[in-house]
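Colleague: Can you talk me through this one? I have the file open.
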Amino acid sequence: LEAYQYEAGAVRLAREPVALRPMAQACLDALQPLAHPRGVALLNRVAPDLPPADADPVQLRSLLDNLVGNALNGVQRGGEIRVEAEGEGPMLRLSV
């Protein structure tokens, strides 16, 4: 439903510069209590010098929480989940 709302233009984004490394760390810290009992390592691999993303911080955090949460459901005991980001010109790529 939410993807449809974005495509239909029903969701307004409040875009601003967002530092991805601290946001990724906040997400991983919040989900650590779920990862720890499973022996899953949560790794922040976002470079500290990566330029800020032009994004809606609330929507981006929600997306990141969802992706890391889904990864937690699919990773094997003792595995690891990495949040990574890289820049390509004016674009940034975020991956879990």
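Modeller: Start with strand β4, residues 80-88: it pairs with β5 in the antiparallel sense over five bridges. Pairing requires at least two DSSP bridges between the strands; strands are DSSP E runs of at least two residues, helices H or I runs of at least four, numbered from the N terminus.

Colleague: What stands opposite Glu 84?
Modeller: Ser 95, in β5.

Colleague: What's the source?
Modeller: It is a predicted model, where local features need pLDDT of at least 70, side-chain atom pairs count only at pLDDT 80 or more, and totals for chains, interfaces and linings use all residues. Residues are numbered from 1 along each chain as its sequence is written, and side-chain values use heavy atoms, leaving out hydrogens and water.

Colleague: And the strand order in the open sheet? Which is it?
Modeller: β2-β4-β5, three strands with mixed pairing. β2 (41-46) and β5 (91-95) are the edges with a single partner strand each, so one side of each has no neighbour in the sheet.

Colleague: Which strands does α2 lie across?
Modeller: Helix α2, residues 20-35, lies across β2, β4 and β5, at about 175° to β2. Angles run from 0 to 180 degrees between N-to-C directions, with axes fitted to C-alpha atoms, for helices over the stretch in contact.

Colleague: New topic: what does Leu 42 touch?
Modeller: Leu 28, Leu 31, Gln 32, Ala 35 and Ile 81, leaving aside residues up to four places away in sequence. Contact means heavy atoms within 4.5 Å.
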